Amino acid sequence: MKKKMMVIILVILLVILAFPLGFFVNYEIKTHRSNANLGKVKTLYTTDETASKIANIPYEKYVKECSFTEKAVTPAVDKEAKGEDNSRLINEAIDQLFQNGGGTVVIPAGEYKVSTIELKSDVTLFVSKGAKLVSLACDENEISANPLDEAVVTANDAKNICVTGGGIICGSGESYTKDAETEEPLYALEEFNLYTRVIEARKRIRFAKDTERNHIIKLNNCTDVHINNIILNESATWTLVINNCDQVDIGNVVIDNNMHVANTDGIDILGGNDISIHHCFIATGDDAIVLKPIDMGIHGVTVSDCTVSSLANCFKIGTETAKSVDNVQVDNCYFFMPDGMTYGYSGIAIESADGSFIENVKISDIEMDGISSPLLIWLGNRLRYVEKNVGGISDISIKNVKAKNAEMPSAITGCEADGKTYYVQNVTLENFSVAYRDTKEHLSVKKSVSEKSMSDYPEITRVSHHYFIDHKYSGYWDLPCYGIFVRHAKNVDYKGYTCTPRSCSELAFDYVEDLNTDK
């Protein structure tokens with residue numbers, strides 16, 4: 001009896017050990033597949049030698065030298081002064097104007113170290129062309145008696161505020177990160193393989209140190225906000241954060257981040273009404289323009305005439321989605337990856353993962369080059385916040401989209417939760433054309449996609465994915481189609497979606513499961 005028991009225990013132990021060993025062997029095999037690069041591909045925008053920054057941003061097209069007419073104060077900032085001292089002088093000037101009905105604080109040409117600057121009602125921060133405000137670096141911030149508080153520039157419960165001038169505000173972001181596992185640029189794989197692409201991209205991310213990181217601009221509960229003619233660069237985390245603000249105008253802004261620094265979203269809308277984002281150039285490591293209704297709803301957002309490069313998603317609703325989103329319009333934008341780099345997830349991502357109801361979204365006239373997957377619409381059941389009910393996605397119109405050099409299909413998917421099916425509803429794709437980058441491919445296709453993956457983190461690379469210990473030991477499977485994957489959807493019309501696959505592809509154009517077209 002004891003011998004039999006020992007055999008059973010031994011078998012169980014072997015099974016337990018075999019599971020991670022299988023993943024490890026799988027990882028070693030996959031990472032030795034061809035990941036030779038094709039060299040740089042000619043694109044409209046190019047990178048520097050590190051492939052972490054866009055080298056030819058046309059700043060002059062977006063940021064103009066401008067003037068001020070209101071009563072102005074120029075604080076005695078000093079190029080040699082400590083950041084805390086310069087911030088104190090700037091904040092004193094802001095307080096002086098605030099007490100006297102408002103005005104403009106002018107930062108003259110020169111480079112100045114700063115801690116946090118807090119804007120107040122009826123005050124403009126005018127960073128002159130040739131001026132640069134530089135955030136405390138990580139080591140400076142950790143020992144500072146007055147460290148950064150949320151952001152380089154903040155405002156709380158303020159009205160009629162403005163950041164402008166044509167100058168630069170820098171977040172010193174790289175100082176808040178660890179070194180990447182490898183610095184070698186990652187261009188298009190000679191043989192596309194989803195697993196290799198994910199792991200190789202992750203090796204180049206500069207993950208955060210175990211320390212507080214701060215935004216470049218964060219505005220909380222403000223009204224009548226204007227951010228224009230300004231350059232924001234080297235953020236340590238989300239760059240420009242609009243938290244529950246109304247009547248916000250963001251235009252003629254350049255966000256120029258190190259694209260390998262983790263979590264560097266471009267513009268984050270965390271709640272608010274009547275928000276306009278127009279004529280901006282954004283190059284960043286995480287989601288570029290993103291709506292995240294965590295504590296407050298988002299109603300009435302327009303995005304137009306923006307040029308965007310992201311190592312994640314170019315325009316995104318989600319992933320953090322507890323409250324409602326409606327009346328969103330995106331048009332006349334260009335989404336790209338430079339030099340044929342192979343990174344990122346989707347050009348357009350509309351996700352409700354935590355109970356949000358997203359409706360009335362209209363997107364049109366979008367051009368994409370080198371974006372991994374043109375479109376992801378995902379209704380999921382992650383349910384991270386207090387509300388534990390699955391939300392909804394409905395009334396989505398996307399038309400006049402042209403995407404070239406894609407790598408993966410698009411997906412529209414609902415989910416199952418607690419025995420009930422939740423459907424993405426009323427989606428129309430019109431004049432939406434996609435062409436793949438024509439490489440070899442080595443796919444791992446699963447004919448049946450797991451429902452479990454619908455409760456995970458919504459990325460196109462994880463629609464068919466099982467996480468185990470670390471990404472490099474995890475499973476990544478390709479969707480069983482090259483064009484569009486549709487699952488748990490009602491009244492989804494994708495007749496206007498066309499796709500040219502890799503010439504070697506043997507997959508079907510679409511995969512459809514549980515599509516209800518009854519009105």
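## Close-up views of a predicted model

View 1. Y62 is buried, because its relative accessible area of 1% falls under the 20% cut-off. This view, like the others here, comes from a predicted model. The structure holds 12 aromatic pairs, and one of them joins Y62 to F281 in an edge-to-face arrangement, with 5.8 Å from centre to centre and 70° between the planes. Because Y62 belongs to helix α2 (residues 59–62) and F281 to strand β15 (residues 281–284), the pair ties together parts that are 219 residues apart in sequence. And is F281 buried or exposed? F281 is buried, with a relative accessibility of 0%.

**View 2. Y195 meets Y476.** Here the ring centres of Y195 and Y476 lie 6.2 Å apart and the planes stand at 65°, so this pair is edge-to-face. Which elements does the pair of Y195 and Y476 tie together? Y195 sits in helix α5 (residues 194–202) and Y476 in strand β31 (residues 470–476), so the linked parts are 281 residues apart in sequence. Y195 counts as buried at 2% relative accessibility, and Y476 is buried too, with a value of 2%.

**View 3. A cluster of rings.** Step back from Y62 and F281 and you find them in a cluster linked by ring pairs, together with Y45, Y334 and F336. Recall that Y62 comes from helix α2 and F281 from strand β15.

**View 4. Lysines over aromatic faces.** Two lysine–ring arrangements are worth a look. K446 lies over the face of W477, at 4.1 Å from the ring centre. K490 has its charged end over the ring of Y423, and the distance to that ring's centre is 4.7 Å.

View 5. Where does T319 lie? T319 is in the loop between β19 (315–317) and β20 (325–336).

View 6. D224 is not a glycine, yet its phi is positive, at about 60°. This residue lies in strand β12 (residues 223–233), and at 27% relative accessibility D224 is partly exposed. E234, also not a glycine, has a positive phi of about 55°. E234 is found in the loop between β12 and β13 (240–256). With a relative accessibility of 18%, E234 counts as buried, because the value is under the 20% cut-off.

**View 7. Zooming out to the protein chain.** Taken along the principal axes, the C-alpha atoms fill a box of roughly 85 × 60 × 50 Å. Of the 519 residues, 58% are buried. Among contacts between residues at least 6 apart in sequence, 78% join residues at least 24 apart. How much accessible surface does the protein chain have? The total comes to about 20900 Å², and carbon and sulfur atoms account for 50% of that surface.

Key
Residues numbered from 1 in each chain as written. Predicted model: local features only at pLDDT ≥ 70, side-chain atom pairs only at ≥ 80, totals over all residues. Heavy atoms only, no water. Phe/Tyr/Trp six-rings, centres within 6.5 Å; stacked < 30°, edge-to-face > 60°. Helix = DSSP H or I, 4+ residues; strand = E, 2+ residues; numbered from the N terminus. Buried < 20%, exposed > 50% of the residue type's maximum accessible area, 1.4 Å probe, protein only. Lys NZ or Arg CZ within 6 Å of the ring centre and 35° of its normal. Contact = heavy atoms within 4.5 Å. Areas by Shrake-Rupley, 256 points an atom, 1.4 Å probe, with all protein chains shown as cover.
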